[in-house]
Amino acid sequence: MENGKMGLKPMESEQLREYGHRMVDFIADYYKSVDTFPVRSQVQPGYLHELLPDSAPEHPESLKDVLHDVERKIIPGITHWQSPRYFGYFPASTSVGGVLGEMLDAGLGVLGFTWLASPVATELEIVVLDWLAKLLSLPPHFLSSNHGNGGGGVIQATACEAVLVVLVAARDKFLRKLGQHQFPNLVVYASDQTHSSFLKACQIGGIRKENCRLLKTDSSTNYALSPDLVQEEISRDVAKGLVPFFICATVGTTSSAAVDPVPDLGRIAKRNGMWLHVDAAYAGNACICPELRKYIDGVEDADSFNMNAHKWLFTGHNCSPLWVKDRRSLIQALNTNPEYLKYKAACSDSVVDYKDWQIPLSRSFRSLKLWMVLRLYGSENLKSYIRNHINLAKHFEELVAQDPLFEVVTPRSFSLVCFRLAPKEEEDEETCNTRNHSLLEAVNSTGKLFLSHTVLSGKTVLRFAVGASLTEEEHVTEAWVAIREEASHLLLAN
Ligand code: PLP
């Protein structure tokens, strides 16, 4: 970049125009060619250190040189999450709308920690989360427009932050009522399939490890939490003088997209005066389709509900809407009021200061992404896209089910298929697991597709998650051919 006579001009409009156009061209070309790269990066650990200088450049370099390095040194280190052949973990779907929203956010450079810091950053978030809440048919008490009810939505960066802030809100609410001396007695409940972020939240939130009940699940409930087991544990804990206060239900678990019975857990939470959080990070997105809304039935009795629009609603990372029934609990747990942030309207309680609904102070203008996606595509198109992904997963599941060498391990939910090479006759689980690990490595090494794995009831399972924006039927069929081919090689070799 030229450092002209007048010194550095880091935000010069004409340069932004010129460089911005070039960068958009670069990104558009990336999406055009993303299918030609090996999906999993083939580099070895530490590869980049060899390629970059030891210290930062003292003098400006040209954008051309930087982009050249991106092509030669950065792209090879990418595992291509946006490849149409990416089926690992859960998706992190992008879209033109999401990228444009992110661009606008970066360009405007706004931090909306209080209403005053940039009124529209707060107000757009409120409106857009009410739109999304209506698309999900969430109960009215979650809507900010029904503020009289005390609820509202906020965009967290991630589901990990969402569960942490609601856990802390619930903890403080209970301790205000029961007294601080009960802190060591607080107990939480979830299934052993619950995302690891829940235990991390408990650890940060000071909940004793021995008071975290991660209840066992198995194939008899398709890895969903048994409400009877939860109630039994609660009764046992109460008898011991402990204080059950929080249930975390998951709709769409990370391993197998299992759905915990939210209505039953809601009743248990209500009966025992507990906080119910619903983590629908991945599957919540699908619930904008009316025929899939049933998976979050019972959310009416939840105290908080979270989904990651950055997983399957095309916003790109990060955008994790969270709704709470009682905003006061959240604010009481997280608010700070330093002199340098005070302003007139805040004292009147007529405005929202999102700094008090989250961990960090600063926050970007994330609602722009969601707003852009909802406006550029419209909810009907988004529903069709999600349905298409689910149909593609169904197609893959049928291919697996028809092949005697393989088995579908647990019935498909949403767009995730859990499958494996079936054990040979009289083969022990360990040998079968080793073969499936070998298959995973062989498949991912081809670069033709990317899968991830999990373990269910001691079985190593391969996960095929559809959700990348560019994925079409041919990619799924070709992925299956590649998996089948690698499996044949493996079986012949053994
Ligand atoms: N909850 C569930 C069910 C998930 O699947 C995930 C991630 O895959 C998370 C929470 C964590 O999401 P994040 O990366 O947004 O914190």
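Which residues surround the ligand, and which are the closest? The shell holds 13 residues, and the closest are Ala159, Cys160, Thr254, Asp279 and Asn308. This is a predicted model, where local features need pLDDT of at least 70 and side-chain atom pairs pLDDT 80 or more, while totals for chains, interfaces and linings use all residues. Numbering runs from 1 along each chain as its sequence is written, and side-chain values use heavy atoms, without hydrogens and water.

I then looked up polar contacts (pairs of N or O atoms within 3.5 Å). A backbone N or O atom of Ala159 is 2.9 Å from a ligand oxygen. The side chain of Asn308 places an N or O atom 2.9 Å from an oxygen of the ligand, and for a polar side-chain atom of Lys311 the distance to a ligand oxygen is 3.1 Å. Of the 390 Å² of accessible area that the ligand has on its own, the protein covers 86% (Shrake-Rupley method, 1.4 Å probe).

Next I turned to β9, residues 416-421, taking strands as DSSP E runs of at least two residues. Six of its six residues are buried (under 20% relative accessible area, 1.4 Å probe, protein chains only). Leu416, Cys418 and Arg420 lie on one side, and Val417, Phe419 and Leu421 on the other.

What does β9 pair with? I required at least two DSSP bridges for a pair. β8 (406-413) is antiparallel to β9 over five bridges, with Thr410 bridged to Cys418. β11 (459-465) is also antiparallel to β9, over four bridges, and there Leu416 is bridged to Ala465.

Notes
A residue is near a molecule or strand if one of its heavy atoms lies within 4 Å of it. A polar contact is a pair of N or O atoms within 3.5 Å; within protein, one must be able to donate a hydrogen and the other to accept it, and residues adjacent in sequence count only if both atoms are side-chain atoms. Buried means under 20% relative accessible area, exposed over 50%, partly exposed in between (1.4 Å probe, protein chains only).
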